[in-house]
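User: Hi! Could you walk me through the charged pairs and the confidence of this model?

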Amino acid sequence: EAFFVGQPCAAANLMHVNPLIRDNSIHTSGIPVVPAFASAPSKEECIARLGLNGKIGPIVLLTASGALYNDRPSIFTLFEQALSVQTPLEIIVITGRQADLRKELAMIAVPSRHSVRLEGFTRVMHEYMGAADIIVTKPGGLTTAESLATGLAMIVVSPYPGQEMRNTDQLLEEGIALKCNDLYLLRYKLELLATDPVRLARMQQNALCLGRSKAVCEVSDFLAAGKYGYIDYAQEKKERLSGQRATKRTWFSRSVVQPLAMAASYVASNVTPKFALRSPWRRTAMNHHRTREPGFGRAPLHAYGRHRILCSGPTLGALPSRPAYVPFR
């Protein structure tokens with residue numbers, strides 16, 4: 001019924017892959033992120049809350065990943081390259097739950113022109129992103145969406161083939177990111193942005209234009225409105241060809257469970273000869289079939305194997321007071 005995509009190009013790709021998907025069923029909402037990104041404090045307030053300086057130079061956010069570079073975690077190379085930049089930087093390294101990485105990074109000497117904070121797992125990532133100017137990261141879907149929502153210029157490193165490469169292409173086209181084809185180029189890329197505030201501001205503005213911090217609200221509002229329903233495209237095509245419209249509601253108890261339960265009872269009475277002779281319910285059913293009581297012939301009949309099942313009478317679990325099964329003639 002509805003498809004929520006991150007960007008307009010994803011909507012075009014979706015309709016190309018599946019022509020049955022209608023244009024009005026696709027919503028370009030962006031990738032849902034934590035609601036805190038939609039109500040994040042201002043940059044100055046984030047800096048104050050986190051106890052950062054904010055006046056040394058651009059604030060650079062490095063995020064650790066499990067990728068290896070030269071037989072060691074790539075975060076070491078990224079950190080060393082950031083420290084080698086001549087322009088003063090305020091560097092924040094997020095290592096998550098990898099406490100061992102944080103201890104090893106703390107042993108690296110930091111030049112006096114830079115300020116460094118090594119942060120582990122945090123629940124205020126939206127504030128760190130709100131305070132930063134540049135993020136150095138892999139272009140995963142969620143990290144990219146959060147970076148766009150907070151207006152961060154991006155330096156993309158080590159994208160995986162597939163969706164991360166496509167994310168990188170989109171970021172480069174929109175003028176939001178620079179790409180490091182080799183981690184040893186990070187120093188050069190950071191120097192470019194740190195010494196060109198006009199370019200940095202333009203990249204940040206482009207990120208804000210493409211970002212959607214309220215995607216989760218848009219999706220939840222759509223669900224809460226209830227203006228949707230399951231569409232079986234194969235069934236819909238079949239109905240169009242036959243010119244008939246099937247009912248949207250299936251009365252499972254009346255149309256399936258009750259007839260099957262009654263059919264099983266009737267078949268059992270036919271299988272066992274003694275039971276068939278002694279069954280007053282079967283004799284009553286046959287008598288009603290012969291006499292054609294008023295109303296019996298007008299009840300809806302459904303074919304199940306060799307029998308017709310009368311869909312009327314009691315609720316599931318009660319025996320019928322009227323005949324329920326009529327053999328085919």
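User: How many salt bridges does a search of the whole structure find?

Analyst: Side chains of opposite charge can pair when their charged atoms come close. A salt bridge here is a side-chain nitrogen of Lys or Arg within 4 Å of a carboxyl oxygen of Asp or Glu. This is a predicted model, where local features need pLDDT of at least 70, side-chain atom pairs count only at pLDDT 80 or more, and totals for chains, interfaces and linings use all residues. Searching the whole structure gives a count of five.

User: Which residue meets Asp 133 in a salt bridge, and what parts of the chain does the pair tie together?

Analyst: The N to O distance in the bridge between Asp 133 and Lys 43 is 2.9 Å. Helices (H or I, at least four residues) and strands (E, at least two) are DSSP runs, numbered from the N terminus. Asp 133 lies in the loop between helix 5 (125–131) and strand 8 (134–137), and its partner lies in helix 2 (residues 43–50), so the pair ties together parts that are 90 residues apart in sequence. The partner asked for is Lys 43.

User: Is Asp 133 buried or exposed?

Analyst: Buried means under 20% relative accessible area, exposed over 50%, and partly exposed in between (1.4 Å probe, protein chains only). Lys 43 has 27% and is partly exposed. Asp 133 has a relative accessible area of 14%, so this residue counts as buried.

User: Which residues are linked with Arg 49 in a network of salt bridges?

Analyst: Arg 49 pairs with Glu 127, their closest N and O atoms being 2.9 Å apart. That pair links distant parts of the chain, with Arg 49 in helix 2 and Glu 127 in helix 5, 78 residues apart. Glu 127 is buried at 8% relative accessible area. The network links Arg 49 with Glu 45 and Glu 127.

User: What is the N to O distance between Arg 72 and Glu 80?

Analyst: Both residues are partly exposed: Arg 72 has a relative accessible area of 28%, and Glu 80 has 32%. Their side chains meet in a salt bridge at 2.7 Å.

User: What average pLDDT does the protein chain have?

Analyst: pLDDT is the predictor's confidence in each residue, from 0 to 100. At least 70 is the score of 68% of the residues. The chain average is 77.

Notes: Residues numbered from 1 in each chain as written. Heavy atoms only, no water.
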